[in-house]
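Here is a short briefing on a predicted model. Keep the sequence and the 3D view open as you read.

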Amino acid sequence: MVLVFLDPAFPDGRPADASQPQLLVTDQGATRGDGIFETMLAVGGAVRKIQAHLDRLAGSAEALDLAIPGEEEWRRAITAAVSAHRSQHPPASAADDELVVKLVVTRGVEGASTPTSWVQVSPAGAAGRRQRETGIDVILLDRGYDSDVAERAPWLLLGAKTLSYAVNMAALRYARKQGADDVIFTSSDGRVLEGPTSTVLMAHVETSDGGTSVKRLITPQLDSGILPGTSQGALFAAAKAAGWELGYGPLEPQDLLDADAVWLISSVRMLAPVNRIDGTEIGTPSVKKELTAELNELFAGIQ
Ligand code: PLP
């Protein structure tokens, strides 16, 4: 792993040894999970959707009243970290050239007024790539909040990407104990929300009597207390340009069961087709395969 801290004394960031301790034990990221992060994918050394991630990081910072480094500082540190990783660990092949680039900001050490900010770069694991190809089995889990809570209780920080992911990770472990790969959270009022690390997408294909077909791509409505996905946003723009119709919930579990295809989408794993939800097969294999191939191609074209 390559690590670069953002530090006003170092214009391109301060490289640090990721195998050595780097944080103080009083850092509020460690003591309270108080901070924010972004996870991005670099392909061939280029970070995909970098502006969308920087914009979301700024939105998360605002929600937490965190004064974080400016966009240019992040861009310089990201460039330095990605190129250091590529020169220290040259990719074995073009197909292997995927790096996970994580931006992290904590509220800093107790009593200090500056946050702790860093970029870390590591190789993308094979697990995500495998799930893109094989698809995943998912279970529905109740998140315990209703779909209006984000607006009513902004201190819950539901639309921000905070470091407090213990609940999300617990949900994934729970799913794995049940023999599933992933989770789709539902609200206490029965709406489909998101995955612990992904956005839910579904598609319908309607063929008219004349034989023309309309493809519709649908995601849960963004104001239901979910994280706005940069992948969903970018894919929707590309799908619209390619003639798809778009829809934004509200969705209920039955809508997913009736869909022609369902995916979980995120920056690193990209589109993971959902094979089963709570044991029920989703869509028809041939339609799913065709839609997945088409969306994969659109998504791969995004910078
Ligand atoms: N929703 C949650 C809760 C996430 O943690 C993530 C990503 O990690 C996403 C959605 C997908 O976001 P993106 O497409 O920007 O990776």
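An oxygen atom of the ligand is 2.5 Å from an N or O atom in the side chain of Y165. Taken alone, the ligand exposes 390 Å², and the protein buries 95% of that. The points below start at the ligand and then move to other parts of the model.

**Around the ligand**

- The ligand is surrounded by 17 residues.
- The closest of them are K161, Y165, T230, S231 and S267.
- K161 has an N or O atom in its side chain 2.8 Å from an oxygen atom of the ligand.
- For T230, the distance from a side-chain N or O atom to a ligand oxygen is 2.6 Å.
- Which elements each supply at least two residues of the shell around the ligand? They are α2 (50-63), α7 (230-241) and β12 (261-266).
- Sorted by class, the shell has four nonpolar, ten polar and three charged residues.

- Y145, W155 and L156 make a nonpolar surface patch of about 320 Å².
- W155 sits in the loop between α5 (149-152) and α6 (166-177).
- Is W155 buried or exposed? W155 counts as exposed, because its relative accessibility is 64% and the cut-off for exposed is over 50%.

**Backbone details in the loops**

- The peptide bond from G249 to P250 is cis, and its omega is near -5°.
- P250 belongs to the loop between β11 (245-248) and α8 (253-257).
- K49 is not a glycine, yet its phi is positive, near 50°.
- K49 is found in the loop between β4 (46-47) and α2.
- K49 counts as buried, because its relative accessibility is 7%.
- L157 is not a glycine either, and its phi is also positive, at about 60°.
- The loop between α5 and α6 holds L157.
- L157 counts as partly exposed, with 24% relative accessibility.

- S224 lies in the loop between β10 (213-219) and α7.
- A polar atom of the S224 side chain is 2.7 Å from the backbone oxygen of Q221.
- S224 is buried, with a relative accessible area of 4%.
- D181 lies in the loop between α6 and β8 (182-186).
- How far apart in space are D181 and I139, C-alpha to C-alpha? The distance is 8.2 Å, although 42 residues separate D181 and I139 in sequence.
- D181 counts as partly exposed, at 27% relative accessibility.

**Salt bridges**

- The count comes to 17 salt bridges.
- One of them joins E71 and R75, with the closest N and O atoms 3.8 Å apart.
- Both E71 and R75 lie in helix α3 (residues 71-88). They are four residues apart, about one turn of the helix.
- E71 is partly exposed at 37% relative accessibility, and R75 is partly exposed with a relative accessible area of 26%.
- E98 and R129 form a salt bridge, and their closest N and O atoms are 3.8 Å apart.
- E98 lies in strand β5 (residues 98-106) and R129 in helix α4 (residues 126-134), so this pair ties together parts that are 31 residues apart in sequence.
- E98 is buried, with a relative accessible area of 11%.
- E294 and K215 meet through their side chains in a salt bridge of 2.9 Å, N to O.
- E294 is partly exposed, with a relative accessible area of 24%.
- K215 is partly exposed too, with a relative accessible area of 22%.

Technical notes: Residues are numbered from 1 along each chain as its sequence is written. This is a predicted model: local features need pLDDT of at least 70, side-chain atom pairs count only at pLDDT 80 or more; totals for chains, interfaces and linings use all residues. Side-chain values use heavy atoms; hydrogens and water are left out. A residue is near a molecule or strand if one of its heavy atoms lies within 4 Å of it. A polar contact is a pair of N or O atoms within 3.5 Å; within protein, one must be able to donate a hydrogen and the other to accept it, and residues adjacent in sequence count only if both atoms are side-chain atoms. Accessible areas come from the Shrake-Rupley method with a 1.4 Å probe; for residues, only the protein chains shown count as cover. Ala, Val, Leu, Ile, Met, Phe, Trp, Tyr, Cys and Pro count as nonpolar, Asp, Glu, Lys and Arg as charged, and the others, Gly among them, as polar. Patches are made of residues with over 30% relative accessible area and no salt bridge: like charges are joined within 9 Å, nonpolar side chains (Val, Leu, Ile, Met, Phe, Trp, Tyr) within 5 Å. A salt bridge is a side-chain nitrogen of Lys or Arg within 4 Å of a carboxyl oxygen of Asp or Glu. Buried means under 20% relative accessible area, exposed over 50%, partly exposed in between (1.4 Å probe, protein chains only).
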